[in-house]
There are 2 protein chains.
Amino acid sequence: MHIHDFQEMMRRLYFSRDIERGTKGNYSWLVEEIRELEEALDKNSRKEIEREFADVLAWLVSLANTVGVDLEKAALEKYDRVCPKCRTCPCQCKF
Amino acid sequence: MHIHDFQEMMRRLYFSRDIERGTKGNYSWLVEEIRELEEALDKNSRKEIEREFADVLAWLVSLANTVGVDLEKAALEKYDRVCPKCRTCPCQCKF
């Protein structure tokens, strides 16, 4: 699934609650999920780790929806600047 | 771009450095980016906000690469359980 489509799916499901909670509220939830991800990593529980990764991404896009940021666009704007060689080989060049 | 493809792109670019830094190191970077996102939100600087969202996603997939989690699979496993109606209307049902 495209990053953009995941963000839109979360918007359809949660936007009215996200906007009510506001930027600070959604940011706090994101921080809480980051903390829970650390707990899962410490426990080394595969299932929990996967669920917490899912939750961090979910709250990241909820926060992005609240402030009107397209996460896919923002991510590609910053990181999709690799050379054609990078795309087809495991070289470590970065520019 | 698919979530999976973004994760693979970041793997091609950064995996050798990510694995060297280790889980704790990458988690610390993720936390730092979460903090910088808060700063950007407080400043209300559009360009910075977009860059910090990009960085949080980048470090989230770097961490996922380090522990061998497919972020797209994990996210869809947890959140892509909406009813057919949810996909086509802005209803708020959740199950």
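How many residue pairs are in polar contact between chain B and chain A?

Modeller: The count is 18 residue pairs in polar contact, both residues being at pLDDT 80 or more; a polar contact is a pair of N or O atoms within 3.5 Å, where within protein one must be able to donate a hydrogen and the other to accept it, and residues adjacent in sequence count only if both atoms are side-chain atoms. This is a predicted model, in which local features need pLDDT of at least 70 and side-chain atom pairs count only at pLDDT 80 or more, whereas totals for chains, interfaces and linings use all residues. Residues are numbered from 1 along each chain as its sequence is written, chains are lettered from A in the order in which they are written, and side-chain values use heavy atoms, with hydrogens and water left out.

Across the interface the rule also finds 4 salt bridges, each a side-chain nitrogen of Lys or Arg within 4 Å of a carboxyl oxygen of Asp or Glu. Asp55(A) forms a salt bridge with Lys78(B), with the closest N and O atoms 2.8 Å apart. On the side of chain B that touches chain A, α1(B) gives the most, with 21 residues (helices are DSSP runs of H or I, at least four residues, numbered from the N terminus).

In total, 56 residues of chain B are in contact (heavy atoms within 4.5 Å) with 56 residues of chain A. The area buried between the chains, which is the accessible area (1.4 Å probe) lost on putting them together, summed over both, is about 5,000 Å², and carbon and sulfur atoms give 66% of this area. Met1(B), Phe53(B) and Tyr79(B) lose the most area in chain B, together 14% of what that side buries.

Conventions:
Buried area is the accessible area (1.4 Å probe) that two parts lose on being put together, summed over both. Helices (H or I, at least four residues) and strands (E, at least two) are DSSP runs, numbered from the N terminus.
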